[in-house]
Amino acid sequence: MSAPVSDTVFPAARGTAPGGTASAAPVIELRGISKRFGKTLDVAARMAQGLKRAMGGTVPATVVRAVDCVDLTVRRGEVVGLVGESGCGKSTLGRMVAGIMPPSDGTVLFEGRDLRTFNSEETRKAKLKVQMIFQDPYASLNPRMRVDEIVGEAPRVHRMIGPEGFDAYVDAQFRRAGLDPAYKRRYPHQFSGGQRQRIGIARALAVQPEFLVCDEAVAALDVSIQAQILNLFMDLREQLDLTYLFISHDLGVVEHLSDRVAIMYLGRIVEEASAAEIFARPNHPYTQALLAEVPRIDTRKRQFTAIKGEIPSPINPPSGCHFHPRCPQAMAVCREQAPALVDVAAGHRSACHLNGVAT
Amino acid sequence: MSEAALQAAPTKQEKAGPPKQETPFARFVSEYCESPVAVASFIVVVLIVSIALLAPWISPQNPYDLAQLDIMDGRLEPGSPSLTGMTFWLGTDDQGRDMLSGIMYGLRISLGVGVGSAVIACIIGTALGLIAAFAGGKVDGALMRLVDLQLSFPAILVALMILAFLGKGVMNVMLALVIVEWARFARTARSAALVEARREYMEAAKCLALPQWRLVFRHMLPNCMPPIIVIFTILVARSITLEATLSFLGLGVPITEPSLGLLIANGYQYMLSGKYWISFYPGIALLVTIMAINLVGDQMRDVLNPRLKR
Amino acid sequence: MSDLTLDVQGLSTHFMTRAGVVKAVDDISFSVARGRVLGLVGESGSGKSVTGFSVIGLVDAPGRIASGKILFQGRDLTKLDERELRDLRGNRIAMIFQDPMMTLNPVLRIDTQMIETVLAHDNVSREQARTRARDALGMVGIPSPEERLMSYPHQFSGGMRQRVAIAIALLHRPDLIIADEPTTALDVTIQAQILAEVQKLAREVGTALIWITHDLSVIAGLADDIAVMYAGRIVETGRVEEVLERPLHPYTHGLIGSVPSRNARGSRLRQIPGMTPSLLNLGEGCAFRTRCERATAVCERDPQDTHPVAGRTLRCFHPQLEVMA
């Protein structure tokens, strides 16, 4: 299925139809993944805290549960959209998938094998197969490196190309990302936002990945450039048979691009289904609210009716179902027990007590 | 599709050809030159450094060659001729040394000690700061408490204590200055490293499975340099001042290698007798040097300030 | 004509930079009537923010208003001196920024800042000012306003801060509010709340509102009229329904077409080729001609405003007269 990394410089275009079949093998599987952030205090701060407690004061909790026991599977060739608002943990989850951040709990399976069983060489290869495109085109490129270095450094370090083939290889990556190779000796600040994003894409493609995590990759771009980059993603998907985890808060973009969509709220996945299903028949109240409130270009002078309340802070999430303080249909059980993610239809999972799941 | 995509290629100016390449350094230079004061200060610094380097060839007299001195030339006014026919443009000190030559040679010591100690302190401090930032935990805590301790003592006090212990001498003075100054570099480097480590280009480099040493030296260090460079220029000026103070107090460089501070000290006793030139001109030279370096450092700080960057 | 709160005629704002003159705003004209919402739409570099700053008189050196008239309730703002402008700012004309921390001072409590704003233009007692501040917070939907007055900005979330900024803008019941991308950085659910509040307030108070954004979908739901900017010029204006359903300018056409919801799922998005040109190098003629598929030789000349349909303004030689697919 997947060509070895060092084999081909230009993997032959495969005629795989977009859409990824449900029976395709999973590339990345997350089981029970959690990530907690806490401040490690040094001696002086710990003494101060101990003193405060001794004097009867309370020390506030400083552990942030950014991601809370998430199961997610991404199959080969499919595009999974991950949607959520700030504090939901989608960026953290993306980084754990890309291997930049180790999970606090849970297992990450890469092509069926637990990542922890990999030796260092296999880990290195696995890391290269999963690449990430970042949100901020201004911060994601090293301002002091020339762009040909930025794109070509990793393939050279990992000995995918020799010094003779460097220029040709970098040129090819540039062209693939829609950039003119004549400008490769420039520095990032001389390019526009959209071009920088393309450079980031070229950098990711240069190591022959199979899986791309796009963390709000088009959020910082103008609408017309957004369209170009999204088209580029779709082209690359066909040409290179890539799998995507597309993280975004923009439901319109996610709907257009994804095969399956997962909705996150405060560290948990609250609903997951195929794109068509989730936009036609949203089950979870949060998904319904999200879809109702997204401004759409087709609506005219609509009445904005919003769900009340602020997004809670991940330091102190509400008990039970995280959404219950803002849910128009909250019941007593919602405050006490977190609902489990269960099937409500074929290939459609939702975590809500309203589905009559046995407590 | 590829046609349209190529059309998206960078063309900063549609009509003209590709713009000439602008390295970050070129941009820095052009932004630096926006201030005429800064350019003038830079020229002054270059001038002073040149004088210091070329002193053995351009000074009228070698003030440390006892054979050239005649005590009968002592305490002559500026502009007085000597018995050998040369003019003492800035007068002589009590030993008959030409002040102008003395200042030129004194600059060598002052600059040498100042810059040298700053460079060494920079290397040591930056390395320790980076280690602290990367290691985190106890190592970071221990190093930073050491830095706090170091910085809470007045610099002159620490230097005096060290020199009282070790005695006079150029090397000892440099050692004392390094001990006083490394802490500021360490703290600056650590803060810069902590900020840069979280930036997205570092995450991207991690994603590319690059080895750790490459991450630190190839990616992070170049981006940590701006604040370190600024601190460097400030601390060079500070070192020179500190060394001058120590020499003035008699605890710095020995008489055989007088720096500007020592020259000022030598002439101090004559200030009220009307023979002002023995202290005054070295004092002016010191003032101009430090001010020029500080102004250069000021402009560099403004130019390198990331908040002012696009 | 006389109930036009704002009437901008031929406004140009230029920036003198090292590299040359940047015509950030180049001969634009638009108007906003009492109680109407105008959506000023454009991408980065289009000059929409600079337009907002020009109206309220906050353009700093090296920029200056080069020509044109800004008629606010009949008075030309370009002819006023700084003192008169200060009288109007915050009082009759208010501005809301994208980053609420541009309005809020992080070291001052909210009540201090709001009372200060009230007292700047009205001669009332501190107690009365405080009451007005509390009512304003309530009006923007902040719960327990009395307690919240005692907080500092960092104790609020992003959405709340923006509401406080809006409350400050509303303290004097201005006749015109200029909002520069106030909800761009906020989450969808919070954005919806703020849009709801703003809509309600505009209706109740009768304020004219200029909403500057790049998001066409927000404008679709919020605005009455729309003006589309490109490279410092307004290329198209009209009522929102008409422009979005029947865009005349190729740029507007392309912009609407590239929105994902306007394309079949999974298909390639219709994209506008090329990039926004640098404002230093626009040259003569229509700024969009390098990216326009309908451009011809005549586009090398500057297009002027035309009115192909009643109530619409257009700056183009080749309007798109077919209906949107």
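**Entry: a strand in chain A**

I kept in mind that this is a predicted model. I began with strand β3 of chain A, residues 79-83, and asked how many of its residues are buried. I found that five of the five are, so β3(A) is largely enclosed by the rest of the structure. I then went through the strand face by face. On one side I noted V79(A), G81(A) and V83(A), and on the other V80(A) and L82(A); these are all buried, and both faces of the strand are covered.

Next I looked up the partners of β3(A). I found strand β8 of chain A, residues 243-248, paired with β3(A) in the parallel sense over five bridges.

**Entry: two helices in chain A**

I turned to helix α6 (residues 193-205) and helix α7 (residues 223-240) of chain A, which pack with their axes 10 Å apart. What is the angle between α6(A) and α7(A)? I read about 15°. Angles under 35 degrees count as roughly parallel, and the two helices are therefore roughly parallel to each other. I noted that the crossing of α6(A) past α7(A) is right-handed.

I listed the residues that meet there. From α6(A) come G194(A), R198(A), I201(A) and L205(A), and from α7(A) come I225(A), Q228(A), I229(A), L232(A), F233(A), L236(A) and L240(A). Sorting this contact by class, I have eight nonpolar residues, two polar and one charged.

**Entry: the sheet in chain C**

In chain C I traced an open sheet of four strands, in the order β2-β1-β4-β5, with antiparallel pairing. Which strands stand at the edges? They are β2 (20-33) and β5 (75-76) of chain C; each has a single partner strand, so one side of each is left without a neighbour in the sheet. I also saw helix α1 of chain C, residues 48-56, packing on the sheet, where it touches β1 (4-17), β2 and β4 of chain C. I wrote down about 110° between the directions of α1(C) and β1(C).

Strand β4 of chain C, residues 63-72, pairs with β5(C) in the antiparallel sense over two bridges. I marked F72(C), which stands opposite R75(C) in β5(C).

Technical notes:
Residues numbered from 1 in each chain as written. Chains lettered and ligands numbered in written order. Predicted model: local features only at pLDDT ≥ 70, side-chain atom pairs only at ≥ 80, totals over all residues. Heavy atoms only, no water. Buried < 20%, exposed > 50% of the residue type's maximum accessible area, 1.4 Å probe, protein only. Pairing = 2+ DSSP bridges. Contact = heavy atoms within 4.5 Å. Axes fitted to C-alpha atoms, helices over the stretch in contact; angles between N-to-C directions. Parallel < 35°, antiparallel > 145°, perpendicular 65-115°, else oblique. Left-handed = near helix turned anticlockwise from the far one by under 90°. Nonpolar A, V, L, I, M, F, W, Y, C, P; charged D, E, K, R; others polar.
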